[in-house]
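Please walk through this model one region at a time, with the sequence and the coordinates side by side.

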Amino acid sequence: MNIAVVGTGYVGLVTGVSLSDVGHTVTCIDIDNEKILKMKQGISPIYEPGLSDMMTRNIHEGRLHFTSDHQEGFESAEVIYIAVGTPEREDGSADLSFVEQVAKDIAFHAIRNTVVVTKSTVPVGTNDKIQSIIDESLVQQVNLEVVSNPEFLKEGSAIYDSFNGDRIVIGANSKEAANILEEINKPFGVPVFKTDIKSAEMIKYASNAFLATKISFINEISNICERLGANVEDVANGMGMDKRIGDKFLNAGIGYGGSCFPKDTKALIQIAGNVEYEFELLKGVVKVNQKQQGLLLAKLNERIPDLTGKRIAVLGLAFKPNTDDMREAASLVVTENLIYSGAEVMAYDPVAIDNAKKILNDDVRYASCVEDAVKNSDATLILTEWDEVRNVDLDVFKSMNYPLVIDGRNCFELEEMKDNNIEYHSVGRPVQNHKVKHRQSI
Ligand SMILES: NC(=O)c1ccc[n+]([C@@H]2O[C@H](COP(=O)([O-])OP(=O)(O)OC[C@H]3O[C@@H](n4cnc5c(N)ncnc54)[C@H](O)[C@@H]3O)[C@@H](O)[C@H]2O)c1
Ligand SMILES: O=c1ccn([C@@H]2O[C@H](COP(=O)(O)OP(=O)(O)O[C@H]3O[C@H](CO)[C@@H](O)[C@H](O)[C@H]3O)[C@@H](O)[C@H]2O)c(=O)[nH]1
């Protein structure tokens, strides 16, 4: 099948590359010419495990092409995927201007009957709107049918998820269009769930909102555990053994970040509000998440009330491991606050430093490894649970001015921190080696 994919971000590029890998001929289109030039040379503009190799292979085998010219990209396309961004507007609703622009571009250039597939996360009713825009703007007498096909990949395991997803959701008005999409996806061997368009749109938001709810729920439990002396990891493990609850997405931490949960939860609150329904539960989830991001700093402030001139190591900047994505990362809030409080920040991340430099306060300094970040620091904050951080030799913390580790991701066992005399504050677990007399020494 000849396919065009519009937008080459995390979703568009992974979709295009995966579709080419199972044998389709794919042209990826983006308005960012610099990105296109890079990708033509086989250079991936994003860090995503396995993506570069798969991309290079399919370029060489002649199935994967890139262009910044929509007309050229649509020329032989039988199916066009829309995978542009739907970022958050100031009021929390989804900004649909990129999607609407693509709908106009498609209508303007369409020269044959085409299935238009919406991969972008869009509010319920948007696919109908896209269909209307296309129908109103068509230049040639052709038939374009819009199908909803929301994406469920996770950053950091996007290629794996494409080939091992739990389901592919197809929302369509006609059996013919749904069948075309099912046929395209057959080689992935992932179960297909077909429904109407509005339900497909809602499945995407409801899934993200539910996962975010699990995270805020366990974070609330962790805060109560801290006060009562229980261990949230054992609590989550014990809960997760009940198959009705499930053992995934019960890791307590510093709240959810990234390009999806924060914006999609707020958008769903707006979607509900638009039909005069107050989504009280989800409002609570968002509020809990905002509170959770501040807890790490509160723990640090309790131990070091005056941060002026203190050197603070920050391990991990990306919103989660195995990605260079900094969107809504906890590090944005944490480093900003540290600098504001007069601290010297020495940060390390295995892959996100280049992106971090574009957004973080200019006063943040960067180390080239965990060891350099931590050396001579007064406290270490852990924000992202990279394997490189989890597996670090604990002796590294002995090079600190005083071994105070405040871990927002529960990377280490309590016993090992205790045995190594490291003062260790984690999330929802008892504090290790906290002796009040140290307070004066810091
Ligand atoms: N990032 C994820 O993990 C993820 C997962 C599932 C769903 N989604 C959803 O998928 C959509 C895309 O997300 P993303 O993270 O890949 O976005 P992104 O911001 O990384 O990429 C969007 C790309 O679209 C390009 N673009 C914008 N307008 C264009 C136009 N008119 N023509 C061609 N290209 C254009 C931009 O230059 C950019 O490269 C969003 O709706 C998002 O909510 C994202
Ligand atoms: O138990 C957990 C699991 C995750 N997180 C945090 O939640 C955020 C999101 O993590 P994750 O869901 O793994 O990454 P995303 O790439 O944002 O993927 C989510 O958002 C995508 C965009 O919509 C969806 O496609 C995916 O299915 C959905 O998991 C990160 O900050 C994680 O640290 C936790 O705090 N505790």
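Helices here are DSSP runs of H or I with at least four residues, strands are runs of E with at least two, and both are numbered from the N terminus. The model is predicted. With helices counted in this way, α9 gives the largest share of the shell around ligand 2, namely 3 residues. Both α9 (197–228) and α11 (261–274) contribute at least two residues each to that shell.

The shell around ligand 2 holds 21 residues, and those that come nearest are Glu 155, Asn 251, Tyr 256, Gly 258 and Cys 260. By class, the shell splits into 10 nonpolar, 6 polar and 5 charged residues.

Ligand 1 is surrounded by 26 residues, of which Gly 7, Gly 9, Val 11, Ser 120 and Thr 121 are the closest. Two helices, α1 (10–21) and α5 (97–109), each supply at least two residues of this shell. Its composition is 11 nonpolar, 10 polar and 5 charged residues.

Next comes an open sheet of 6 strands, with parallel pairing and the order β11-β10-β9-β12-β13-β14. The edges are taken by β11 (365–366) and β14; each has a single partner strand, so one side of each has no neighbour in the sheet. Within the sheet, β9 (residues 311–315) and β10 (residues 344–348) run parallel and are joined by 5 bridges. Arg 311 has Glu 344 in β10 as its bridge partner.

Strand β13 (residues 404–407) can be followed to the strands on either hand. Together with helix α17 (residues 414–419), β13 and β14 form a right-handed β-α-β unit.

What covers the two faces of β13 can be read from its side chains. In a regular strand, side chains alternate between the two faces of the sheet. In β13, Leu 404 and Ile 406 are on one side and Val 405 and Asp 407 on the other, and all of them are buried, which leaves both faces covered.

Val 124 sits in the loop between β5 (114–118) and α6 (126–137). Is Val 124 buried or exposed? Val 124 is buried, because 20 other C-beta atoms lie within 10 Å, and the cut-off for burial is 20 or more. Met 202 is 78 residues from Val 124 in sequence, yet their C-alpha atoms are 6.0 Å apart.

Pro 321 belongs to the loop between β9 and α13 (330–340). With 21 other C-beta atoms within 10 Å, Pro 321 is therefore buried as well. Pro 321 and Ala 352 are separated by 31 residues in sequence and by 9.7 Å from C-alpha to C-alpha.

Conventions. Residues are numbered from 1 along each chain as its sequence is written. Chains are lettered from A and ligands numbered from 1 in the order in which they are written. This is a predicted model: local features need pLDDT of at least 70, side-chain atom pairs count only at pLDDT 80 or more; totals for chains, interfaces and linings use all residues. A residue is near a molecule or strand if its C-beta atom, placed from the backbone, lies within 6 Å of it. Ala, Val, Leu, Ile, Met, Phe, Trp, Tyr, Cys and Pro count as nonpolar, Asp, Glu, Lys and Arg as charged, and the others, Gly among them, as polar. A residue is buried if 20 or more other C-beta atoms lie within 10 Å of its own, exposed if 12 or fewer, and partly exposed in between; C-beta atoms are placed from the backbone. A crossover is right-handed if, with the strands pointing away from the viewer, the path from the first strand over the helix to the second runs clockwise. Two strands pair if DSSP finds at least two bridges between them.
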